[in-house]
Amino acid sequence: MIALSVSEVSLSFGMETVLKNISFSVNDGDRVGVIGVNGAGKTSLFKVITGEYTADSGAVYFQKGYTVGCLEQNPDLTALPGGTMALEYMYSAFPALLSMESKISALESEISALSASGMHDEAVSRTSLLTELNRKFALEGGLEFKNRCKSMLLRLGFEEELLYRNISTLSGGQYTRLALARLLATEPDILMLDEPTNHLDIDALAWLESFLASYKKTVIIISHDRYFLDRTTNKTLHIQYAGARLYNGNYTETKELQEAEAASLEKRYKEQQKEIAKIKANIEFQRRCNREHNFVTIRSKEKQLARMEKVELAPPPPKDIRLSFNAEEESAGDVLSVKELSFSYSGEPLINNISFLIRRYERVLFLGKNGCGKSTLMKLINSMLTPNRGKLTLGYNIKIGYYDQENRGLDLTKTVFEEIHDEYPEKKDGELRSALALFLFGPDDIIKPISVLSGGERARLTLAKLMLKKVNLLIMDEPTNHLDIGSAEALENALLAFDGTIIAVSHDRYFINRIATRIIELDRESERGLVDYSLEDYDDAYTEYIRIRSAEKEAKLAAEASAPKAESSSKLDYEQRKRENAERRANERKLTLAKEKIEKLEGELTSLDDELYGSAATNYVRAAEIEERKAEIEEELLALYELVM
């Protein structure tokens with residue numbers, strides 16, 4: 001049965017056409033992912049469907065009696081009555097049940113008063129009404145809706161204390177999670193979600209995926225989270241060049257289908273062009289012969305061309321950003337050493353007594369629950385904050401490039417070009433314009449004030465500034481936030497090619513999968529304040545992390561179950577084994593890398609000796625350079641030999 005039908009919908013803002021003749025249908029139980037570049041019209045389509053926008057033409061039809069619930073990308077809860085608590089806001093989604101609950105309470109008080117006054121007949125009469133009202137209340141979910149509301153909030157990362165906090169004190173991310181929880185609790189027939197994964201940590205994302213996978217009604221999701229789309233959708237609506245097409249399959253399946261269709265279309269186009277060229281050559285030959293029967297052939301061939309249904313190539317996809325990060329100089333082997341680091345804004349420590357070491361060329365992803373201190377740690381590493389206790393030491397010759405998820409490094413009073421010019425005054429204007437063009441800022445865009453830019457545009461400008469900086473350590477806090485899928489993939493490819501060290505925070509599991517060589521999870525309940533995962537499979541980093549994490553949790557539960565009386569001792573033993581296993585895996589990995597490095601350096605040493613006593617024997621300048629490099633290699637080899645002994 002069709003739950004939603006969109007027919008020939010068009011929408012324009014002034015001279016700009018956002019949507020043009022869009023038609024598609026969604027069936028009961030479908031889970032549709034909506035994709036497209038930033039500005040393609042995804043959110044505008046949602047607003048047409050919900051009635052917030054009126055289409056220029058076309059119509060939207062719902063199955064009769066169906067309820068529709070929509071989560072905005074940045075919900076505004078500031079207009080709610082002052083003093084409203086988060087849990088109260090959740091309950092307000094069920095006005096009928098709250099009304100019945102109030103009537104039941106009033107009836108119970110009335111019956112008690114009648115009984116105390118000796119008016120037993122009236123009390124019995126009211127009791128019959130109360131029984132019927134209680135039955136209806138239970139039938140419509142009155143006995144469990146409050147528990148469901150509380151459970152939703154806890155599952156989406158709200159701590160117990162936040163449930164009873166005035167919502168005016170919540171952050172923007174907490175607003176979004178509260179609005180999402182309230183919407184999910186109402187279970188509408190058509191659930192529409194605009195970027196629901198924003199502000200969710202890894203555990204909350206996993207729960208939301210599970211919830212949507214078991215949701216029996218219709219779901220439509222706008223998202224740039226490829227991992228999330230693959231796990232929650234069975235159809236994909238791709239909006240491009242103001243048009244839209246509905247595909248059967250999740251994001252990855254749709255992408256593969258589009259690539260196959262484009263390849264097939266290109267093959268057919270080339271074959272047809274060859275055929276057209278042959279026909280035109282025949283026509284030209286017949287004209288040169290200049291006889292009566294030749295003119296008959298010419299007319300026949302021209303009719304053949306006119307009747308031919310021309311194959312058109314698929315329109316090229318919208319341009320993606322192009323970027324690369326260049327390390328000007330190599331850093332020291334030990335890039336960052338953190339020892340017994342603690343930090344608190346006030347009261348209880350946010351980061352408590354953590355220690356770790358990051359080596360050159362590692363790509364370390366920091367994960368953890370919302371509010372565990374990931375972004376704060378990035379600021380501490382970048383010297384934007386000062387630790388309360390402990391030591392944070394950067395290695396020799398470290399050049400840092402920092403990406404802030406809120407793009408707070410941008411001056412909103414400047415234009416796009418002024419921002420990048422003031423950052424790099426030594427560079428020529430043409431070079432700066434070319435760099436901005438790589439990030440899709442055209443001539444009209446570079447004169448825009450930063451204050452009017454979208455989140456995606458600000459993210460691209462921040463990346464453009466970072467690309468022009470020569471660094472060997474990239475510190476990135478949620479770098480794929482605000483980026484569309486194409487831009488996120490371009491960023492990933494640039495990071496994979498970067499010849500330096502990467503420290504990042506991200507909840508984008510597709511990004512984690514491609515980038516991470518090591519994952520550190522901040523966990524205040526852990527004895528060390530963190531859990532360090534050395535990964536063996538770099539090609540599937542997030543999956544490997546989940547596998548190790550799940551295995552360790554299962555081992556912990558099994559140990560607790562088998563020795564309930566010695567729980568504390570068992571827990572200590574488990575933590576000790578976990579640390580030992582982690583250290584063993586880390587040492588094995590370091591040993592392997594050291595042996596590979598030794599082999600590479602020894603080979604270079606042999607080559608240098610051959611050159612020194614060969615072509616450079618009479619070239620004293622080159623010979624001096626070789627001797628200097630040999631000394632560096634021999635010093636590095638001594639350190640590596642000590643490591644593998």
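A crossing of two helices is called left-handed if the near helix is turned anticlockwise from the far one by less than a right angle, and right-handed if clockwise. In this predicted model, local features need pLDDT of at least 70, side-chain atom pairs count only at pLDDT 80 or more, and totals for chains, interfaces and linings use all residues. Residues are numbered from 1 along each chain as its sequence is written, and side-chain values use heavy atoms, with hydrogens and water left out.

**Helix pair α3 and α4**

- Helix α3 (residues 95–116) packs against helix α4 (residues 120–139) at an angle of about 160°, their axes lying 9 Å apart.
- Because angles over 145 degrees count as roughly antiparallel, α3 is roughly antiparallel to α4.
- The crossing of α3 and α4 is left-handed.
- The contact (heavy atoms within 4.5 Å) involves residues including Leu-97, Met-100, Ile-104 and Leu-107 of α3 and, from α4, residues including Ala-123, Leu-130, Leu-133 and Phe-137.
- The residues of this contact divide into eleven nonpolar, four polar and seven charged.

**Second largest cavity**

- A cavity is a set of points, on a 1 Å grid over the protein atoms alone, where a 1.4 Å probe fits but cannot get out, and five cavities of 30 Å³ or more are counted.
- The second largest cavity holds about 60 Å³ of space, a volume being the space filled by probe spheres set on the points.
- Its lining residues, which have an atom within 4 Å of a point, are Asp-201, Ile-202, Asp-203, Leu-367, Gly-368, Lys-369, Glu-521, Tyr-545 and Arg-549.
- Helices α8 (202–213) and α18 (541–562) each supply at least two residues of this lining, which divides into three nonpolar, one polar and five charged residues.

How values were computed:
Axes fitted to C-alpha atoms, helices over the stretch in contact; angles between N-to-C directions. Helix = DSSP H or I, 4+ residues; strand = E, 2+ residues; numbered from the N terminus. Parallel < 35°, antiparallel > 145°, perpendicular 65-115°, else oblique. Nonpolar A, V, L, I, M, F, W, Y, C, P; charged D, E, K, R; others polar. 1 Å grid on protein atoms, 1.4 Å probe; cavity = no way out; pocket = protein on both sides within 12 Å on 5 of 7 lines; lining within 4 Å.
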